[in-house]
Amino acid sequence: MKKSILQLALVVSVITTGTLSLAGQGDFGPVNAKGFVKRAEVGGAGLYVFSMWDHGRNVPIGEDGRFSVAILSSARPQKISVRDAQDKTRALALVLSQEAQDVSFDALSTAMAIVFGDPSTITNAQEMKKYLAMAEQRQSFQDFVVFLKANLPLRSIEELVSDETYVALFEKCNREIFNEDRAAIHQSLYEAQGQLEKSFYEK
């Protein structure tokens, strides 16, 4: 049960793109994010870039791996994704509108987007650089990037979240970087929900 709860949480965290807190962000408007998909590390056929701020369009990727997609002008990062012809997620990136002219989709960007799954965790470019530098010093994060380099060319992220090695590395990253066990947190939330439901029906 614990494993299935964690896997569901991982799927939701990973494939939800563009979620961010809008409070206190000032004026908004679309800006173009440009970048490159590293095809040696990102597999799949019929690839396109998806951003919820680009009117839900499937933005094509050029033969040279380059793309241009609309994101929201905001201080906070936004999560965008590369998807395949079956609409499966093949890579992820956290993008800041202030630094949106050199976006890279690869194993490193995907690991960063997965581990820091909630974009509202990071509020500006300085924090994003700080968290990335901190993560890169952790052996668990380095191992996670290596795992993704080997597996992203072959499998979608929706497939990977059920892989025991993926789950173990994700959990180890969280313990080393955030000093917390998200599996335990999700299990605690699940148990709390069960107690609430039990209380409700006993009334």
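Me: Let's start with Lys 38: is its side chain buried or exposed, or something in between?

Reply: Lys 38 counts as partly exposed, because its relative accessibility is 33%. Keep in mind that this is a predicted model.

Me: What does Lys 38 pair with, and how do I read such a pair?

Reply: Here is the general idea: side chains of opposite charge can pair when their charged atoms come close. In this structure, Lys 38 and Glu 41 meet through their side chains in a salt bridge, 4.0 Å from N to O. Lys 38 also forms a salt bridge with Asp 106, where the closest N and O atoms are 3.8 Å apart.

Me: How many salt bridges does the whole structure have?

Reply: A search finds 4. Another one of them joins Asp 163 to Arg 155, with the closest N and O atoms 2.9 Å apart. Asp 163 is buried at 17% relative accessible area, while Arg 155 is partly exposed at 24%. Salt bridges with shared partners join Lys 38, Glu 41 and Asp 106 into one network.

Me: Now the inside. Which residues touch the most other members of the largest nonpolar core?

Reply: As a general idea, in soluble globular proteins nonpolar side chains tend to be buried together. Here the largest core has 30 residues, and Phe 116, Phe 141, Phe 144, Leu 148 and Tyr 166 touch the most other members. Elements giving two or more residues to this core include strand E6 (89–95), helix H4 (139–151) and helix H6 (164–178). A second, separate core of 17 residues includes Leu 47, Ile 61, Val 82 and Val 95.

Me: Where does Val 82 lie?

Reply: Val 82 lies in strand E5 (residues 78–83), and Val 82 is buried, with a relative accessible area of 0%. Beyond its sequence neighbours within four places, Val 82 contacts residues including Val 37, Leu 47, Ile 61 and Phe 105.

Me: And what lines the largest pocket?

Reply: In general, rolling a probe the size of a water molecule over the atoms shows where empty space is left. The largest pocket has a volume of about 400 Å³. Its lining has 15 residues, with Leu 94, Asp 102, Ser 104, Met 128 and Leu 132 nearest the centre. The lining residues divide into 9 nonpolar, 2 polar and 4 charged.

Terms used:
Residues are numbered from 1 along each chain as its sequence is written. This is a predicted model: local features need pLDDT of at least 70, side-chain atom pairs count only at pLDDT 80 or more; totals for chains, interfaces and linings use all residues. Side-chain values use heavy atoms; hydrogens and water are left out. A nonpolar core is a set of buried Ala, Val, Leu, Ile, Met, Phe, Trp, Tyr and Cys residues joined through side-chain atoms within 4.5 Å. Buried means under 20% relative accessible area, exposed over 50%, partly exposed in between (1.4 Å probe, protein chains only). Helices (H or I, at least four residues) and strands (E, at least two) are DSSP runs, numbered from the N terminus. On a 1 Å grid over the protein atoms alone, a cavity is a set of points where a 1.4 Å probe fits but cannot get out, and a pocket is an open set with protein on both sides within 12 Å along at least five of seven lines; lining residues have an atom within 4 Å of a point. Grid points are joined across faces, edges and corners, and a volume is the space filled by probe spheres set on the points. Ala, Val, Leu, Ile, Met, Phe, Trp, Tyr, Cys and Pro count as nonpolar, Asp, Glu, Lys and Arg as charged, and the others, Gly among them, as polar. Contact means heavy atoms within 4.5 Å.
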